[in-house]
Amino acid sequence: MNNKLNKIGILTSGGDAPGMNAAIRAITRTAIYNGLEVVGIQEGYNGLLRGEYEILDARSVGDILQKGGTYLRTARCEEFKKPHVVLSAVEQARKIGLDGLIVIGGDGSFRGARDLTRAGLPTVAIPGTIDNDISCSEYTIGLDTCLNTVKECIDKLRDTSMSHNRCSVVEVMGHGAGYIAIYASIACGADCVLIPEIPFSISEDVIEKIKEGHKKGKKHCIVIVSEQLLDPAELAKTIQAETGMETRATILGHIQRGGIPTMRDRVIASQMGAKAVELLLEGKSNRVVRMKKGEISDIDIEEGLAMKKELPKDLIDLANMLSI
Ligand code: ADP
């Protein structure tokens, strides 16, 4: 064990994701098990700047494992992009007595973690975001719970679309990353899926496909769209006008962020939390805990941020093939 490490902090930053609580619990208990003191910083980098924290013991993190959201609450802190603000955060961390920090969040939060390390506070990051849009990791905490919520919602929409011979346009989360849309498309049987990674034409990839499906005997259909690609209500109007099929649009929205974390999210969050503490104990910092080939490992934050993630082509092909 690195003798210099006595007290560590944890914070959650950016968008919340189910499973963050399992990570907070695992970090706290792994650290205490290894003789460290643990501090929970509230509301992301904002709380660090304001010196808002609580001492966490093994009992403080009891009964949070099964809850969605984040016990520490989260926030966005735009001014954290300014170097002098990062320096004052390091100053606050010194006042709290922190020797290290673990940040759970997305790639914006990782940039903050990198800046903190550079400014003298050893920091390790954990990918927590429902979108799975972290290039260096195959998995991000929250994806599985989100997908299960999406599955439940689309199954319900399918019931009513089927009963009324309607078309249902469903917008799911995943700004700039089509993981949620493509998995939902495979698991919920979408007829068309529009994602940011693949250029599309409404007339060919939606209207023609729906018309073809109709000829093949499909009486209702589901179109899944990743957020911010287009206006789902406008798309619904176009589909109705062009195909004659009654069409409704549903934006699943923030409902996808909440809920009881699934088994997969709890286990992976616990593994990632424990790994982050181990890294700090080994004297390592500026690392991202990640999943690679199904195993938990770590990578330099800068290297991780520079990577590009591609949605596996076989998933896209599968979604298309199964929609015939
Ligand atoms: P996420 O971490 O989920 O990607 P954001 O992009 O909103 O979410 O980032 C969360 C927080 O991380 C921001 O509010 C800010 O405090 C910090 N952050 C984002 N980008 C940077 C950056 N370039 N440099 C330093 N800190 C950043």
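This is a predicted model: local features need pLDDT of at least 70, side-chain atom pairs count only at pLDDT 80 or more; totals for chains, interfaces and linings use all residues.

**Stop 1: strand E4**

Select residues 100–105, which make up strand E4.

Select residues 7–12 for strand E1, which runs parallel to E4 and is joined to it by five bridges. To find your place in this pairing, click on isoleucine 8; its bridge partner in E4 is glycine 100. Next, select residues 123–127 for strand E5. E5 also pairs with E4 in the parallel sense, over five bridges. Here, glycine 105 is a handy landmark, with proline 127 as its bridge partner in E5.

**Stop 2: two residues with positive phi**

Jump to aspartate 63, in the loop between strand E3 (53–56) and helix H3 (83–96). Check its backbone: phi is near 65°, a positive value in a residue other than glycine.

Then go to asparagine 165, in the loop between helix H5 (143–164) and strand E6 (167–172). Asparagine 165 is not a glycine either, yet its phi is positive, at about 55°. This residue is partly exposed, with a relative accessible area of 40%.

**Stop 3: helices H7 and H8**

Finally, select residues 202–215 for helix H7 and 232–243 for helix H8. How do you describe two packed helices? By the angle between their axes and the distance between the axes. For H7 and H8, the angle is about 50° and the axes are 10 Å apart. The two helices are therefore oblique to each other, and H7 passes H8 in a right-handed crossing.

Show the side chains where they touch. On the H7 side, pick Ile202, Val206, Ile207, Ile210 and Lys211. On the H8 side, pick Leu235, Thr238, Ile239, Glu242 and Thr243. What kinds of residues make up the contact of H7 with H8? Six are nonpolar, two polar and two charged.

Key. Residues are numbered from 1 along each chain as its sequence is written. Side-chain values use heavy atoms; hydrogens and water are left out. Axes are lines fitted to C-alpha atoms, for helices over the stretch in contact, and angles run from 0 to 180 degrees between N-to-C directions. Helices (H or I, at least four residues) and strands (E, at least two) are DSSP runs, numbered from the N terminus. Angles under 35 degrees count as roughly parallel, over 145 as roughly antiparallel, 65 to 115 as roughly perpendicular and the rest as oblique. A crossing is left-handed if the near helix is turned anticlockwise from the far one by less than a right angle, and right-handed if clockwise. Contact means heavy atoms within 4.5 Å. Ala, Val, Leu, Ile, Met, Phe, Trp, Tyr, Cys and Pro count as nonpolar, Asp, Glu, Lys and Arg as charged, and the others, Gly among them, as polar. Buried means under 20% relative accessible area, exposed over 50%, partly exposed in between (1.4 Å probe, protein chains only). Two strands pair if DSSP finds at least two bridges between them.
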